[in-house]
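Dear colleague,

I am passing on a structure that I would like you to look over when you have time.

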Amino acid sequence: MQKEEKSAPSFTSKVGLVMAAVGSAVGLGNIWKFPYIAGQNGGGAFLLIYLLCVLLFGLPLLITEFTIGKHSGRSVYGAFSVIRNNNRWQWIGWLCMLATILVMGFYTVVTGWCINYLIDAISNTLYSSSDLTAHFTELSSNGPRMFGYSILALALTSVVLWFDVNKGIERLSKILMPLLLIMMIFMAIRVLMLPGSNVGMRFFFEADFSKLSPKVILDAMGQCFFSLSIGLGALITYGAYMPKHQNIIATSVQVAVLDSLVAILAGLIIFPAVFAFGVDPAEGPQLAFVVLPSVFEQMSLSSLSSIMFFGLLCIAAITSMISLMEVLVAFLTEATAQKKHSLDRHKAVLLAVVICVVTSSLCAFSLSGTPEWLKIGDKDFFTVFDTVASNFLMPLGALSMAIFIGWFMPESAIKQELRNGNRSTIHYALGFLFMQIVRYFVPIAIVAIFLNGVLSLI
Ligand code: TRP
């Protein structure tokens, strides 16, 4: 396999790549998941552990994925084989592909909820049900309706993927990401001006360490992987499109900082609002769909706030779906490239859509409880896919990639990518530090936290 065989797709600017990677990272994980997990795990203490995870695992693993992608110029299908010159590591590519399909299943359904809520907010029907819990239950027990909105989410995503990466993903991310940031800052300021919002601020920033347990640390690590889009090869895929002179370390720092900033902003929007209106912050997955709209209802300009919030959620979710689906599209085109039935980009997009329609419909119908046989034991597919992917496959993917780069990728290749033509002492030192972290710290810590967390659940 030679790198030069094909005219590789590529982003045209460094900013474009950063924005696309931020688009991948910033998603439901930041705005929907982060606040409720932080709420359930004691607020400030969780935030601190989370930020530590970002620094100690997140950043090294972002660098790992970008380096593997950029150096190989391949998708997860071929990246490991090109670097090692044999197929022994290709299973990681298949693992990424499997995990991506599972994540797409439930992610598409939740994106569908966001679109549904946005449409309801625009058409002013969000507050017409007897209460918002009923509104949410109506939706999550209605399989066909969830299925319909999942299809809509997939359609919007595939329109962007239909174009080449520099025309579709890059252009859209360059517009939507700054917009998202501005909207979030605006909303945070608005919520912080509510009387009583300081209680929420205290909850979010004051660390209560009595809440810390192995499970909290496992949750923080899982959340960090999910939020930064680590462990499924999404950033290997984008790394392959990275402009030649882009600095991997700087790019990774920018992505980690912006992603954490958005998670903190989401907390700054949600907690002060929740406390100002005396709602329980440990509400769980319903926090964004039930609690928050009811908080908006009590504020002035409630429909505008809901439209803005669900608009934000839709933008964030769809740019993340794009990156997930790009993993499949790039995998499929590359895997079939030299075969009789090779798939061009358009055919690969269509096949990826078909795969995702299947998994997301499994999630939608199984969650709604109809038909009844569509479950694994007493668990619905939605929960099973989420748990298997986030708690097992993503840490496993991240672990394998760390071992691969730390022990099996030629060190000269890594240094070449990280130094990027720069021979200064600081680049040398950073390269050295990175190698020590991915060789020893990351694998040992992932295994330890994983075992500790899993054992504490038994
Ligand atoms: N990071 C996204 C979020 O926070 C989800 C996501 C998109 C993702 N692409 C990914 C997670 C790739 C893991 C791997 O919502």
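**Helix packing around α3**

In this predicted model, helix α3 (residues 44-72) packs with helix α10 (residues 214-227) at an angle of about 50 degrees, their axes lying 9 Å apart. That angle makes α3 oblique to α10, and the crossing of the two helices is right-handed. On the α3 side, the residues that take part are Phe46, Ile49, Tyr50, Cys53, Val54, Phe57, Gly58 and Leu61, and on the α10 side they meet Val216, Ile217, Asp219, Ala220, Met221, Gln223, Cys224, Phe225 and Ser227. Sorted by class, the contact of α3 with α10 comprises 13 nonpolar, 3 polar and 1 charged residues.

Helix α3 also packs with helix α17 (residues 411-419), here at an angle of about 100 degrees and with the axes 10 Å apart. Because angles of 65 to 115 degrees count as roughly perpendicular, α3 and α17 are described as roughly perpendicular to each other. From α3, the contact draws on Ile63, Thr67, Lys70 and His71, while α17 contributes Ala413, Ile414, Gln416, Glu417 and Leu418. The residues of this contact between α3 and α17 divide into 4 nonpolar, 3 polar and 2 charged.

**The pair α8 and α14**

Another packed pair is formed by helix α8 (residues 169-192) and helix α14 (residues 302-336), with an angle of about 145 degrees between them and axes 10 Å apart. The crossing of α8 and α14 is left-handed. In α8, the residues Ile169, Leu172, Leu176, Met177, Leu179, Leu180, Met183, Met184, Phe186, Met187 and Arg190 meet Ser305, Met308, Phe309, Leu312, Ile315, Ala316, Thr319, Ile322 and Glu326 of α14. By class, the contact of α8 with α14 holds 16 nonpolar, 2 polar and 2 charged residues.

**The chain as a whole**

These helices belong to a chain that has 18 helices and 0 strands. Its C-alpha trace spans about 60 × 50 × 45 Å along the principal axes. For 458 residues, a compact globule would have a radius of gyration near 23 Å, and the 21 Å found for the chain agrees with that. Of the 458 residues, 59% count as buried. Among contacts in the chain with a separation of 6 or more, residues 24 or more positions apart account for 83%.

How values were computed
Residues are numbered from 1 along each chain as its sequence is written. This is a predicted model: local features need pLDDT of at least 70, side-chain atom pairs count only at pLDDT 80 or more; totals for chains, interfaces and linings use all residues. Side-chain values use heavy atoms; hydrogens and water are left out. Axes are lines fitted to C-alpha atoms, for helices over the stretch in contact, and angles run from 0 to 180 degrees between N-to-C directions. Helices (H or I, at least four residues) and strands (E, at least two) are DSSP runs, numbered from the N terminus. Angles under 35 degrees count as roughly parallel, over 145 as roughly antiparallel, 65 to 115 as roughly perpendicular and the rest as oblique. A crossing is left-handed if the near helix is turned anticlockwise from the far one by less than a right angle, and right-handed if clockwise. Contact means heavy atoms within 4.5 Å. Ala, Val, Leu, Ile, Met, Phe, Trp, Tyr, Cys and Pro count as nonpolar, Asp, Glu, Lys and Arg as charged, and the others, Gly among them, as polar. The radius of gyration is taken over C-alpha atoms; the globule rule is 2.2 Å times the number of residues to the power 0.38. Buried means under 20% relative accessible area, exposed over 50%, partly exposed in between (1.4 Å probe, protein chains only).
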